[in-house]
Each structure stands twice: as structure tokens, then as C-alpha cells.
Amino acid sequence: MKLAVTAPERLVVRTTEVADPGDLVSRLPHPTALAWVRHGQGIVGWGEAARLALPGGEDRFAVADRWLRDLFANADINDTVQVPGSGPVAFGSFGFDPKSPDSVLIVPRWIVGRRDGKAWLTTIGDEPDPLALVRPPAEPTQLSWSDGTLSALAWEQAVAAAVGRIRDKRLGKVVLARDLTAQAGEPIDARVLLRRLADRFPGCYTFSCAGLVGATPELLIRRTGERVDSLVLAGTTARGIDPADDAERGARLFASAKDREEHSYAAEMVHDALAPLCAELSVPDQPELLTLPNVMHLASPVHGRLGRERSVLDVVAALHPTPAVCGTPTDIALDLIRELEVMDRGRYAGPVGWVDARGDGEWGIALRCAELDGTRARLFAGCGIVADSDPAAELAEAQTKFRAMQYALEG
Ligand SMILES: C=C(O[C@@H]1C=C(C(=O)O)C=C[C@H]1O)C(=O)O
């Protein structure tokens, strides 16, 4: 595997407690923002002390984990805060498909964090913070939208083809996604999107890493010492127009055999992937409802205790890709995704998050997100397909999921 690495020096890392920094997103000085924020807590970073670009591969998580362990083991670290996320941290996002060449880890030079009433600043190296580079965020202007790889009609046909394969018993579930393109007049500033997403979806993980920006409700894995937590999502309905409609939709989702089937594939696989790694593990017998501003999901909160020391990236490797974003069986679903979506998902639906020198970290599944490239944004949304799926309903569900990022871009 050919790696592209920038880590010019031995990292000299200093973390000190600071007065409450206020809103974390507002601390980001320029558009190349790194962020992981939920309910005002989390970490934001800027500058680059080290970067690892991976060309893909089944072993991309293990390679990243090893590189980072070496980098942090050789670092000179003085961390007086000692909480998950203090000290040196790598933000990362991985390609969904092992064939995708897009995975990246970035260790920022400056990090501001907040957790449980404590706030801290981490600096790497003694370069002065380039205050001269502070750029006020500018909203996207002159937005125009176009279909991505497949038109709405072609995507519905792909869903119908998937339903056919499922009814032929070739697989149980597949998640199919599509993309949409937004073109702006000026380069898109990630911070504006982060601001809008964090305000509108405070319960989601608002993230930004090397141009991938979004607010995901799905926690792939959080590792805090020996404790691990995950939130499995699958099964979706749009929010209602009033509380009565909302309650009715929620009840219908909860009772829907199709959505319960979609959900159980994902919850069972997460259980099976974590069980060998955990001394204790709890997965609820039935899901609960998670209500977001635009959609409701069936959700299974999973908790466990690791049987032996493992970094969060090690656990990510065991979990990705779950049937929440791929399908069952995994390899057949992955092949069908390649065949029917006819696009590279890039880092959409891959793990996104952060890991620190203790191996603690939080990784979500990169959903409700866009890949920014200068003046363009590529948005993604997908839906779990099972034997009873209806292509038109799935298209409507994907449109609803796109709305989070459309709002982030349009305001
Ligand atoms: C694939 C996406 O979401 C996933 C698919 C869901 C579903 O099919 O019901 C629900 C939550 C996510 O696990 C997406 O948002 O793009």
C-alpha cells in the first residue's frame, strides 16, 4: 500500500485547560475546518501537524491505526487535562468502499475542545497561530442544483432492480444511495455549513474533515477507556406536519414489518461484530424511535465493555460497513452497490470521527453530508432496500435525507 505522509517533525504537544471558549464552531479561523461537535461539546481543529492519505484497501483502518500509534508514541506530550480528546488527536474519514482511494487522517496544529464542563487548548509545535489568516465565513451564493450520477428515474429503476435480486433470495438487504450536485458562485466555506447544521441538528454529530461536511445521527462507535457505545439506525419516516401526524407516523414506523426487518439486519450485525471484542455487551430486543428535526429513525443504542485493550480504530475496522449503509450479506450487498449505484461513494457512508493518543475516540457514519470541492458540493443520501421496498417511497425518503445538507447550503 502506498501511503502519502506528511509528518515533518517529532510532534511537541501541549494541552492546557482554558476558560470556556464559547461556541466551538465560531473558533475556527478559516475554511479548512476540522470539527466534531454535538450539543456544543466536542473538538475543533485547524492547521496540519501531520497527514496520512491512504489509497484504500481492506486494511486501511489497521494501517492508519499503526501509523498513528507510532506518531503519537514518538511525540513529546504534555497534557494536563487528560480527558478523551485532550492531547494530540487525529481527525479522520475513510472511504466507504475498500476500493475507494480517499481515506485520510489529519493531526491539526491547534485544537479547542470542551467536555463535561472542561475546556482545553492543544497546540502542536511552536508556530504562532496564523491570526493573519483569519477569514470571516461567507455564505454560499448563486447556488444551482443538478442531478449527480443517476437521475431520479434511473435511481428508482436501480431500486426496483435491487428489490428483484432480494426477492430472488440473492441477499436480504442492500442500501442504495444517490448523489446531487450544487454549484456555487464562490468557494464554499465549510464553517457556514457547520454553523447551520450544529444549530439545526444539535443532537447529531456535526463534522468536517478534509472537505467532507455533514451532521450524522448515527454513532458507529465511541470508545472511552474500556467502554464502547454505538447507536444503530435503520428504518426511516419523514416528520409529520403537526404533533398528531408525527405521532401517527412514529407509530406506523415502529409497527412496520419492512422497517423492522431493515433495522434488525443492522442491529444483529453490530451485535455479532462487537460480541467477540467485548466482555459485556447489551443490544436492546427492540428498537426505539429517534426523532430528528426532519426525520424519525428506528434506533438501537448498544453498550459494551471491551475484553482487552483496543483502539477505537480497531473497533471501527470490525464494524464497517454495517448493514445500515451496506447490506446483508455484506460482500454481496457491496457488489450490488457497485453495480447499481454506478458511482464511487467516496467517503460518504464511511467512518468519520477522531482518535486520540489513548486510543479513545468517536466515529460516526458519514451520512447527511456533502463532499466540498471549491465551488462545488456533492451531496449523498441513501435508503435501505428490502423485499417490500417501493422505489417511489425510497426516492422520497432519499429526498428527505438530502434536505439536511440542502438547508446547510441554502440557509
Ligand atoms: C443511508 C443513509 O441513512 C441510513 C439508512 C437508513 C434507512 O434506510 O432507513 C436510516 C439511517 C441510516 O442508517 C443516509 O442518510 O444516506
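This is a predicted model: local features need pLDDT of at least 70, side-chain atom pairs count only at pLDDT 80 or more; totals for chains, interfaces and linings use all residues.

Student: Where is Leu-11 found?

Tutor: Leu-11 is in the loop between strand E1 (4–6) and strand E2 (12–17). Residues are numbered from 1 along each chain as its sequence is written.

Student: Why does Leu-11 count as buried?

Tutor: Set the count against the cut-offs. A residue is buried if 20 or more other C-beta atoms lie within 10 Å of its own, exposed if 12 or fewer, and partly exposed in between, with C-beta atoms placed from the backbone. Leu-11 has 20 C-beta neighbours inside 10 Å, so Leu-11 counts as buried.

Student: Which residues does Leu-11 touch?

Tutor: Leaving out residues up to four places away in sequence, Leu-11 touches Ala-49, Ala-50, Leu-71, Ala-75, Pro-88 and Ile-124. Contact means that the C-beta atoms, placed from the backbone, lie within 7 Å.

Student: What makes Gly-211 buried?

Tutor: Gly-211 has 22 C-beta neighbours inside 10 Å, so the buried label applies. Gly-211 sits in the loop between strand E13 (205–209) and strand E14 (212–216). Its contacts, not counting residues up to four places away in sequence, are Glu-371, Leu-372 and Asp-373.

Student: Why does Ala-73 count as exposed?

Tutor: Ala-73 has 9 C-beta neighbours inside 10 Å, so Ala-73 counts as exposed. Ala-73 lies in helix H1 (residues 60–73). From Ala-73 to Ala-154 the C-alpha distance is 50 Å, for 81 residues along the chain.

Student: How do you know that helix H4 lies largely in the open?

Tutor: Count the buried residues. Of the 13 residues of H4, one is buried, so H4 lies largely in the open.

Student: What span does H4 reach, and what is expected?

Tutor: Helix H4 (residues 243–255) reaches 18 Å from its first C-alpha to its last, close to the 18 Å expected at 1.5 Å a residue. The expected span is 1.5 Å times one less than the number of residues.

Student: What stands out in the backbone angles?

Tutor: Most residues other than glycine have a negative phi, and most peptide bonds are trans. Lys-169 has a phi near 70 degrees, a positive value in a residue other than glycine. Ala-349 also has a positive phi, about 70 degrees, and is not a glycine.

Student: Are Lys-169 and Ala-349 buried or exposed?

Tutor: Lys-169 has 8 other C-beta atoms within 10 Å, so Lys-169 is exposed. Ala-349 has 28 other C-beta atoms within 10 Å, so Ala-349 is buried. Lys-169 is in the loop between helix H2 (152–167) and E12. Ala-349 is in the loop between H7 and strand E21 (351–356).

Student: Which residues does a cis peptide bond with omega about -5 degrees join?

Tutor: That bond joins His-320 and Pro-321. Pro-321 lies in the loop between helix H6 (312–319) and strand E20 (327–328). The bond from Thr-328 to Pro-329 is cis too, with omega near -10 degrees. Pro-329 is in the loop between E20 and helix H7 (330–341).

Student: How many residues surround the ligand?

Tutor: The shell has 18 residues, and Thr-236, Ala-324, Leu-367, Gly-382 and Gly-384 are the closest.

Student: Why is the chain called as compact as a globular protein of its length?

Tutor: The chain has eight helices and 24 strands. Its radius of gyration is 21 Å, close to the 22 Å that the globule rule gives for 411 residues, so the chain is as compact as a globular protein of that length. The radius is taken over C-alpha atoms, and the rule is 2.2 Å times the number of residues to the power 0.38.

Definitions and conventions. A residue is near a molecule or strand if its C-beta atom, placed from the backbone, lies within 6 Å of it. Helices (H or I, at least four residues) and strands (E, at least two) are DSSP runs, numbered from the N terminus. Two residues are in contact if their C-beta atoms, placed from the backbone, lie within 7 Å.
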